[in-house]
Amino acid sequence: MLNFTSLYSGSSGNCLFVETENTKILVDAGVSLKRIETGLTSINVSPEDIDGVIVTHEHSDHIQSLGNLSKKFNIPVYATSKTYDAMPKQTEKISDINKNNIKIDEHFSIGDINITPFQIPHDAADPCGFTLVVDNKKISIATDIGHMNNNILKYIDGSEFILLEANYDSNVLKYTKYPFKLKERIAGPNGHLSNKIAGQTINYLIKSGLKNAVLGHLSKESNFPELAYQTVIDELLSNGTNIDDFKLSVANRDLPGKLIHIN
Ligand SMILES: [Zn+2]
Ligand SMILES: [Zn+2]
């Protein structure tokens, strides 16, 4: 068994859930503790049963309640040492025994989930995405990506499922009220991934067996769920890719999505 649920995904807060028969983990804890508890309850999971939280990077939309979550329910945290250093207010709440140091490109396991953090281009201390392998089935979590590159593609290649960032539409971004500097950051090489590049990435991954993708980390101001979805579908169709057996959906920013059964 390998199940995925996006509890919350978007530029306002991220928390994802993955489970196997004997292991339950969260990726990031970027909403309030109350919302994490509510989200888990809605999928019939008790926070006490979470075996670990793996952390992508220290931006607040990924770690807002990490320290309190770990402390209240005695949950192990997995982050790189640079990420711990970059979020001192969270790190000080995590007991030493729950502090696990991970390294980019080095495998580790939580229960029966084999995890590899891979580097992503983003303006944080030591940001990463994750591949999770269970019984030879690979799933990938890749958000906060300034630009797609061969290193990321090498890691996520062969995934059955991916939660992939589709942060903004280039045209909508141009017309939002954001200050120029912020627009420049979002579209820059260490900012976020556009719908179009998400589409190209999914098109590439379908050739190596991708069956299901959820678009996540959508911007509230520079994107719309329908637009992200349609841009990716258009990219696939314009490449003549067969999408009969492929499932695409968009993660909800504020509500837990439905459970996706991968294996
Ligand atoms: Zn970020
Ligand atoms: Zn983020």
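In which sense do β10 and strand β11 pair, and over how many bridges? They pair in the parallel sense, over four bridges, where two strands count as paired if DSSP finds at least two bridges between them. This is a predicted model, in which local features need pLDDT of at least 70, side-chain atom pairs count only at pLDDT 80 or more, and totals for chains, interfaces and linings use all residues. Residues are numbered from 1 along each chain as its sequence is written, while chains are lettered from A and ligands numbered from 1 in the order in which they are written.

**The sheet**
- Seven strands form an open sheet of mixed pairing, in the order β7-β8-β9-β10-β11-β12-β13, the strands being DSSP runs (E, at least two residues) and the helices likewise (H or I, at least four), numbered from the N terminus.
- The edge strands, each pairing on one side only, are β7 (108–110) and β13 (247–250).

**Around β10**
- Strand β10 (residues 137–142) has five of its six residues buried, meaning that 20 or more other C-beta atoms, placed from the backbone, lie within 10 Å of a residue's own.
- On one side, β10 runs antiparallel to strand β9 (residues 128–134) and is joined to it by five bridges, with L132 standing opposite I139.
- I139 also stands opposite F161 in β11.

**Around β11**
- Strand β11 is joined by five bridges to strand β12 (residues 212–216), and the two run parallel.
- L164 has L215 in β12 as its bridge partner.

Conventions: A residue is buried if 20 or more other C-beta atoms lie within 10 Å of its own, exposed if 12 or fewer, and partly exposed in between; C-beta atoms are placed from the backbone.
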